[in-house]
Amino acid sequence: MRENDWKIEEECVRLASMPEALLTWYRASARELPWREDPSPYKVWISEIMLQQTRIEAVKEYFLRFMQELPDLMSLAGAEEERVLKLWEGLGYYSRARNLHKAAQICKEQYEGQLPEDMEKLLALPGIGAYTAGAIGSIAYHIPVPAVDGNVLRIFTRILADDSDIRKESFRKKIQRLLTDLMPREDPGTFNQALMELGERICIPGGAPSCEECPVAGLCLGRMEGNPSRYPSKIQKKARREEKLTILLMCCHGKYRIRRRPGRGLLAGLYELPSLPGHRSREEMTEWLEESQAPEVRLSELGPARHIFSHVEWDMKGWKIELSEEWGTDGFFASPEEIRERYPLPTAFAAYRRLIEE
Ligand code: SF4
């Protein structure tokens, strides 16, 4: 075990057979994925943004739906933002969808409706970081540039038996330089995809990389040490903050009250079901409704639900409030169809959203 004290030139020599081994394995066993058929810059871009933090199997359906409705960059640039968010519903991280939309509009205005074939210009677009630019550049435009994400960093902590904290920029840059030297010039995109596939199927996170199936096992120092899954080093994560909420499913003559969240912060600008802080008992709800001078209502308890975001966890309890007339101080009443088609309610509300009766 070591921490970043290996030399790029020496490792390049030691790992010289890695590209060929990896490519041979990948050509024989790559999965068929919708974005791999005809990997246009637009398809690579959309799929890579969708794949951030989401499993491949889950992304397939979203990708096909998105492509059916917005098949190219110009259609994305011309779409209403709300429509793009609706197509993104369920994938979470809605700022990514907003950035896609903004970037498409920039490409329409500045690059004749194409993603630029230039790393600096790609990196200047909203929502495109080094990894995504590397994926688009190498897969769609054959530019020899690595695409380094958490999967690639994990693989290399194992291959190099390196104890570094993979969140450190210095480690990422070093791997980026190593890969730039190592990658085959004639097919950088396939090399990057092979590494991605290795990280998703073989050198997986957690305790059980499938070393016996790994095409680069003979080069892996972590495996030779006998315990590759000790890499990457475990870094103490900050505990998530828990927030208790009472979700209000307010309905009146078949419509449901929704409101828009503030433009900044968690789930910025998206629609939501109204809520109150803390968990409210029946007595507290009745008191609150009386104090707020709600019209005649019927109150029924809904089950609990949880939703985990990266830094906060919602511990929710729900109440259905059936109103005799429309009432409330913020938001508006919308039909189930409008909620389904027009106003994206984030997955965080899924447990209550599914109780909305069509
Ligand atoms: S041998 Fe095992 S730990 Fe090393 S790269 Fe392959 S799967 Fe990962």
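Numbering starts from 1 along each chain, in the order in which the sequence is written. Because the model is predicted, local features need pLDDT of at least 70 and side-chain atom pairs count only at pLDDT 80 or more, while totals for chains, interfaces and linings use all residues. The pLDDT is the predictor's confidence in each residue, from 0 to 100. Its average over the chain is 92, and 98% of the residues score at least 70. Helices and strands are DSSP runs (H or I and at least four residues for helices, E and at least two for strands), numbered from the N terminus. Among the elements of the chain, the highest mean pLDDT, 97, belongs to helix 5 (residues 73-78), and the lowest, 91, to helix 15 (residues 336-341).

Two domains divide the chain: domain 1 covers 8-230 and domain 2 covers 241-353, with bounds that come from an automatic or database domain assignment. Taken over C-alpha atoms, their centres are 38 Å apart. Eight residues from domain 1 and six residues from domain 2 form the contact, where two residues are in contact if their C-beta atoms, placed from the backbone, lie within 7 Å. On the domain 1 side, helix 6 (81-88) and helix 7 (94-110) are the elements that give two or more residues. Helix 6 has the largest share of that side, with three residues. By class, the domain 1 side holds two nonpolar, three polar and three charged residues. Here Ala, Val, Leu, Ile, Met, Phe, Trp, Tyr, Cys and Pro count as nonpolar, Asp, Glu, Lys and Arg as charged, and the others, Gly among them, as polar.

Helix 2 (residues 18-29) and helix 12 (residues 188-201) also meet: their axes come within 9 Å and cross at roughly 75°. Helix 2 is therefore roughly perpendicular to helix 12, a term for angles of 65 to 115 degrees. The axes are lines fitted to C-alpha atoms over the stretch in contact, and angles run from 0 to 180 degrees between N-to-C directions. Helix 2 contributes Pro19, Leu22, Leu23 and Tyr26, and residues of helix 12 in the contact include Phe191, Leu195 and Leu198. The contact has eight nonpolar, two polar and one charged residues.

Around the ligand are 15 residues, of which Cys203, Cys211, Cys214, Cys220 and Pro228 come nearest; a residue is near if its C-beta atom, placed from the backbone, lies within 6 Å. Helix 10 (150-159) and helix 13 (221-225) each give two or more residues to this shell, and helix 10 has the largest share, three residues. The shell divides into 11 nonpolar, two polar and two charged residues.

Two backbone details remain. The peptide bond from tyrosine 231 to proline 232 is cis, with omega near -5°, and proline 232 lies in the loop between helix 13 and strand 1 (241-252). Aspartate 38, although not a glycine, has a positive phi of about 45°; this aspartate 38 is in the loop between helix 2 and helix 3 (41-51).

Notes: Parallel < 35°, antiparallel > 145°, perpendicular 65-115°, else oblique.
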